[in-house]
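Take a look at the chain below.

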Amino acid sequence: IESKTKISPILFKRSSVLTNGNILLTADQGIYLLNKQKELKKIEDISAYSILKLKDNDIYIGTNNGLLQYNENAGIVNRWKFDPYSKDQLQGSKIVSIAQTTDESIWVLSDVCVSRLNSDRKTFTNYLEPASSDITGWLITALFNDSKGYLWVGTSNGQGLNRVNQK
């Protein structure tokens, strides 16, 4: 990428190719769009850690300040932020992983819990305590959806790998 202005090096963490050929890129320094002419444009000044592209081409981005929904025609169309006073809103600010299960549910891993974005796309079901869920430990490091539709949660400190009951 050639640039006429001097910029600091950017370490991109995740990317997603859009249907128009542009590339959405995430980094600690922000969310960027690289167009077909190789021009790089910052579209959001926020640290971003994870990205999930759906079949309908909407993209969910996990950031240090919640979850974003990006549409290539409209830009950022939804923002969900941590709300400590509402049980059915996103819990935790830092979204480190996102997965979609075969029933098209969107699951997010924050710095405090695992949450499912409900079908209304406005509220969340939050799994805050291991005792009330299938998760054996609470230092969660990864989410994964396998080919059979099971959601797996990886935990650290020897707690293991857990299959989540999605009901």
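Does Lys13 count as buried, partly exposed or exposed, and at what relative accessibility? Lys13 counts as partly exposed, because its relative accessibility is 33%. The cut-offs matter here: buried means under 20%, exposed means over 50%, and partly exposed lies in between. Keep in mind that this is a predicted model.

Lys13 has a charged partner. Its side chain meets that of Asp28 in a salt bridge, at 2.7 Å from N to O. The pair links distant parts of the chain. Lys13 sits in strand 1, residues 12-17. Asp28 sits in the loop between strand 2 (23-27) and strand 3 (30-34). The two residues are 15 apart. Asp28 counts as partly exposed, because its relative accessibility is 40%.

The structure holds 3 salt bridges. Another one joins Glu44 and Arg79, with the closest N and O atoms 2.9 Å apart. Glu44 belongs to strand 4 (residues 40-44) and Arg79 to strand 8 (residues 75-80), so this pair ties together parts that are 35 residues apart in sequence. Arg79 is partly exposed, with a relative accessible area of 44%.

Asp45 also takes part in a salt bridge. Its partner is Lys42, and the closest N and O atoms are 3.1 Å apart. Asp45 counts as exposed, because its relative accessibility is 64%. Lys42 is partly exposed, at a relative accessible area of 39%.

Now turn to the strands. In general, strands of a sheet pair through backbone hydrogen bonds, and the pairing is either parallel or antiparallel. Which sense applies to the open sheet of 4 strands? Its pairing is antiparallel, and the strand order is 9-10-11-12. Strand 9 (95-100) and strand 12 (124-127) are the edge strands. Each of these pairs on one side only. From one strand to the next, the twist averages 20°.

Look inside this sheet. Strand 10 covers residues 106-110, and strand 11 covers residues 114-117. They pair in the antiparallel sense over 4 bridges. Which residue of strand 11 is the bridge partner of Ile106? That partner is Leu117.

Notes:
Residues numbered from 1 in each chain as written. Predicted model: local features only at pLDDT ≥ 70, side-chain atom pairs only at ≥ 80, totals over all residues. Heavy atoms only, no water. Pairing = 2+ DSSP bridges. Axes fitted to C-alpha atoms, helices over the stretch in contact; angles between N-to-C directions. Salt bridge = Lys/Arg side-chain N within 4 Å of Asp/Glu carboxyl O. Buried < 20%, exposed > 50% of the residue type's maximum accessible area, 1.4 Å probe, protein only.
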